[in-house]
Amino acid sequence: MKTVHVHGIDLATLDQGVGPPVLLVHAFPLNHSMWNGQIAALAANYRVIAPDLRGFGQSGISEGTVTMEQFADDLAGLLDGLGVTEPVVFCGLSMGGYIGWQFYRKHGHRVRAMILCDTRAVADTAETRAARMDLINRVLREGPEAVAQTMIPKLLAASTVASRPEIVASVQRMILANDPRGIAAAARGIAERPDATALLPEIRCPTLVIVGKFDAISTLEEMRCIAGKIPGAKLVTIAGAGHLTPIEQPAQTTAAIESFLKGLA
Ligand code: MLT
């Protein structure tokens, strides 16, 4: 991992391989290693940049609220720090996708193509926001165990939870390794995120939308709707996966990403 100082904080990032840059942006509340099933294969042909976002993994922590826009600005600063000037393929999952909307909006000239995995364009409802506030209070009081307990059944398909204990353990390890203050700051930012639906028809780059068939957070129906609103976007459904497609079905997810990347001009 490299460390790059960006906007007052140290960001830890994997930077592996040579070729056109692919930026992998992790979900809440995980870290860059959620892409471990993709990194080696992609790094054979691309420069893979997979950071721990502010407040997660080995990166520095900020308290208060970290907005999706702040994360997007951090990523632009990270690319500057790494000397990446050519446009990147932005690949984000869930919160990574929320950040993707802001990255495209503010730093669109840096985007060659988008890969949006298991994410949402709508803002939180009042009910979801209230549940998030509850989670923030619990994580600050009880630590990340509270988040792992609440979120794992939603992050993974029921079949993954029932029969693949190694995956459950690995997601749990990622969550538990995070600082409660970093989790709380990102959760506040997620709760405040704007509705990105109006942006979808404005996205003018090649776009791939990936969704786990059993995703309980960003459902197949919702992701189909997102793909339908982005001109020319392609939708790939991953069988046997919930919300965390790259972890639950690494081979299928990597194949979908590789085939999309190969098709880029
Ligand atoms: C994520 O996977 O990033 C989270 O599920 C996002 C969310 O809670 O909205």
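This is a predicted model: local features need pLDDT of at least 70, side-chain atom pairs count only at pLDDT 80 or more; totals for chains, interfaces and linings use all residues.
Reader: Which residues of H1 are buried?

Author: H1 spans residues 36-43, and Gln-38, Ile-39, Leu-42 and Ala-43 are buried there.

Reader: Where do they sit, seen down the axis of H1?

Author: They fall within an arc of 110°, so the buried residues line one face of the helix. Asn-36 and Ala-40, on the other side of H1, are exposed.

Reader: And what covers the buried residues?

Author: The cover includes strands E2 (9-16), E3 (21-25) and E4 (47-51), along with helices H10 (245-248) and H11 (250-262).

Reader: How does E4 run relative to E2, parallel or antiparallel?

Author: Antiparallel, with four bridges joining the two strands. Thr-13 is opposite Pro-51 of E4. With E3, E4 pairs in the parallel sense over three bridges, and Leu-23 has Ile-49 in E4 as its bridge partner.

Reader: Different topic. At what angle do H4 and H8 cross?

Author: Roughly 170°, and the axes of H4 (residues 126-142) and H8 (residues 180-191) come within 9 Å. Because of that angle, H4 is roughly antiparallel to H8.

Reader: What kinds of residues make up the contact of H4 with H8?

Author: Ten nonpolar, no polar and four charged. Among them, Met-133 and Ile-136 are on the H4 side, and Ile-183 and Ala-187 on the H8 side.

Note on methods
Residues are numbered from 1 along each chain as its sequence is written. Side-chain values use heavy atoms; hydrogens and water are left out. Axes are lines fitted to C-alpha atoms, for helices over the stretch in contact, and angles run from 0 to 180 degrees between N-to-C directions. Angles under 35 degrees count as roughly parallel, over 145 as roughly antiparallel, 65 to 115 as roughly perpendicular and the rest as oblique. Contact means heavy atoms within 4.5 Å. Ala, Val, Leu, Ile, Met, Phe, Trp, Tyr, Cys and Pro count as nonpolar, Asp, Glu, Lys and Arg as charged, and the others, Gly among them, as polar. Buried means under 20% relative accessible area, exposed over 50%, partly exposed in between (1.4 Å probe, protein chains only). The arc is that of the directions from the helix axis to the C-beta atoms. Two strands pair if DSSP finds at least two bridges between them.
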